Amino acid sequence: MKRSIIVGNWKMYLTSLADAHVLTTTIRNNIEKLANIEVVLCPPFLWLTEMAGIIGHGDGAIKLGGQDVFYEQTGAYTGEVSPLMLKEAAHYVIIGHSERREYFGETDMDINEKVISALRAGLTPIICVGEKKRSLNASEPYHQLKEALMHVPKIHYKDIVIAYEPIWAISDGKSGNNAEPEYVARVITRLRELVHFDTPILYGGSVKPSNVEKYAKRPEIDGVLVGGASIRATEFIKICKLWYQRKGFKK
Ligand code: PGA
């Protein structure tokens, strides 16, 4: 059976390490190993090592991811984080999130370089794509994904994850309008043309306990990327458990 991935993108919502401790510990204590599901927490860089101490570095039910990474591996780049540094604390890294594109001017070319550099360091990139305005022809995310995968050997397609996140569906942390599962499935089917059958393609945008089951029911969707709800332990744990049940992983 194909594995599922549930990612918690904490963004910059939490501002205290003590709160981050409570969140990670609560999630760890309530998510026993859910077979076939990988749960990935993406705290800010500064807290990765601390969170690794809580969940462990090994083969536990929960893995860590960065929210971004730089495309060079080492050098005079004040303020940047190398994929080699990140690899010591995390397995995954979110690349090309729409907030990085919008507020930090990241281009398709930057994103492509980051993907290549992350793969070279042994990280699994979670490549984010998504359109600004609702459009069923999927040309914007399709083009973004094509650019992100330039010069990436096809053999690596099993080592990447795609997150389809329509920008109009992303929340402000509290409220937002999620995209209809049928719409998501249609876009994902188009994106699937660019990757392999076993490359996980996730949906992100206002995912909550009240709507996650609808996505889990669609065979085209391999998991979810959760923003706002991922810093609320009860909601995030519920999302993981509902996904597990709905995908039929329950024995
Ligand atoms: P949201 O964020 O779940 O708060 O909409 C998703 C994301 O931006 O990754």
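**Fold and last helix of a predicted model**

Me: How many helices and strands does the protein chain have?
Reply: Counting DSSP runs numbered from the N terminus (helices H or I, at least four residues; strands E, at least two), the protein chain has nine helices and eight strands.

Me: Why is the protein chain described as compact as a globular protein of its length?
Reply: The globule rule, 2.2 Å times the number of residues to the power 0.38, is set against a radius of gyration taken over C-alpha atoms. For 251 residues the rule gives 18 Å, and the protein chain is as compact as a globular protein of that length because its radius of gyration is close to this, at 17 Å.

This is a predicted model, in which local features need pLDDT of at least 70 and side-chain atom pairs pLDDT 80 or more, while totals for chains, interfaces and linings use all residues. Residues are numbered from 1 along each chain as its sequence is written, and side-chain values use heavy atoms, without hydrogens and water.

Me: What percentage of the residues in the protein chain is buried?
Reply: Buried means under 20% relative accessible area, exposed over 50% and partly exposed in between, with a 1.4 Å probe and protein chains only. In α9 (residues 233-246), the buried residues include F236, I239, C240 and W243. Over the 251 residues of the protein chain, the buried share is 54%.

Me: Which strands are among the elements that cover the buried residues of α9?
Reply: Contact means heavy atoms within 4.5 Å. The cover of the buried residues of α9 includes the helices α1 (17-30) and α8 (212-216), together with the strands β1 (4-9), β2 (37-42) and β8 (223-226).

Conventions. Expected span 1.5 Å × (residues − 1).
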